[in-house]
Amino acid sequence: MKDTLAIGQDSPDVGELKSELQRSIVDVRDLSYMDDVRLARWPGQTTDGRKHSEALPEGKTAFPFEGASDTRVLLADEIIRHLTNLLVGSHQRAALRVSGVETTDMTKAGAASTVVNWAKQRIYNQLGREATLLANYQENYGYALAMVSWDQQLSMREQKLTMREIIALADNADDGSSMQLLPQMIEDPGSVDTVVEMFKSQFPTLKKRDLRGMVKELRETGETSFPVPYVCRNQPCITALKPHEDFLLPPETIDIQSARVIFRRQFLTEAEIRSKIVSEDWAEEFVEEAIKTKGHSGSIDHEFFEMSNFIDRRDNLIEVWWAYYRSVNPDTNIPAIHYCIFSNVVRDELYAKSDMLPYAHNEYPFIEFKAEEFARRAMDSRSVCEVVKTWQDEIKVQRDGIRDYTSLTTLPPLQ
């Protein structure tokens, strides 16, 4: 059977991507278990660190007696914090240097070092935050991914236009061009439609209704203002991804760069997803359909988030999936990495965007981090919580026993 992901097509097979997404959920590990170990959480906990029957499920009583010790031992948390501080400190003290291969490369290496340091300063705060998250994810869950991308965002600002500027443009225009007659046409109420069409070619984001108001203001007051888009952010972006929540891998994945497909999940607000129609050329029909699914997610929430001990509210957020997959050109058999942006709760024929990644290295924009090199698969790397769970339980039993013994010998029960 033909693999619709491995063989390049004119349009992506969103249905196959959704099937692969559901197959990747099968290998989901119980991350809430690791969170419970690190935070020392269990059913029936109370704030005073003692066991009370009223806090336990119906039919269960405090053991060995009411008010017995129920201490929290944060051994896993202490180890993870120590390792995280060590990793983040090493990252902050690291010095980036670019060296040339040959002596003639010194000038290029110096220029490259300048660019790298500039990029690092632009995202200094973000880089520190993501490095801390990445270290926590790696030690708490055993492995994590860092995504390297480019962040470009648009915004709007007011721009002023005066008749004096228009007259100056008309004076410098080519002989016989319509621009020379623009000041006279603005003054003529009968030429409004012609002026609006001329303005429309220069300001395509403005509606004709707004352009008519601009022409009227120029005629009556000699000046007007209008909103124009501009690039407010244009810089590299590093994002730490939590396993099985921010990204998913097919269960047979061994090397991240040879994965059949990599899924990344985002939750966007309505303003964010609408802005991508202009900034990233997302399909408007998909955006409108995705907005209708606000607050709803695919079956991954049913499989995974029910295991969480906290309420995860996403009432006003829209779930979007990015699928990165390697495919070959059917004519040349040359591989390339493509991506498709879709929603698990929007019909299969709709997707936001699909294109080929422009990176010359032909690799996925992800870097894997493992807590240990125990096996080739990143998902087989053990977390600190898995390693120290029994040690933490042993310390808790000893502490509870000493505390209960002290209580009984200091104030013996009457019965």
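Residues are numbered from 1 along each chain as its sequence is written, and side-chain values use heavy atoms, without hydrogens and water. The model is predicted: local features need pLDDT of at least 70 and side-chain atom pairs pLDDT 80 or more, whereas totals for chains, interfaces and linings use all residues.

**View A. The F199 and F203 ring pair.** The ring centres of F199 and F203 lie 6.2 Å apart with planes at 70 degrees, so the pair is edge-to-face (rings of Phe, Tyr and Trp, the latter by its six-membered ring, pair with centres within 6.5 Å; planes under 30 degrees apart are stacked, over 60 edge-to-face, the rest tilted). F203 is also buried, at 18%.

**View B. The W322 and Y324 ring pair.** W322 and Y324 are stacked, with 6.3 Å between centres and 10 degrees between planes. W322 is buried at 12% relative accessible area, and Y324 at 3%. Ring pairs join W322 and Y324 with W282, Y339 and F366 in a cluster.

**View C. The largest nonpolar core.** This core (buried Ala, Val, Leu, Ile, Met, Phe, Trp, Tyr and Cys residues joined through side-chain atoms within 4.5 Å) has 31 residues. I273, W282, V320, Y324 and F366 have the most contacts inside it. Another core, of 19 residues, lies apart from it and includes I166, M198, F199 and F203.

Note on methods: Buried means under 20% relative accessible area, exposed over 50%, partly exposed in between (1.4 Å probe, protein chains only).
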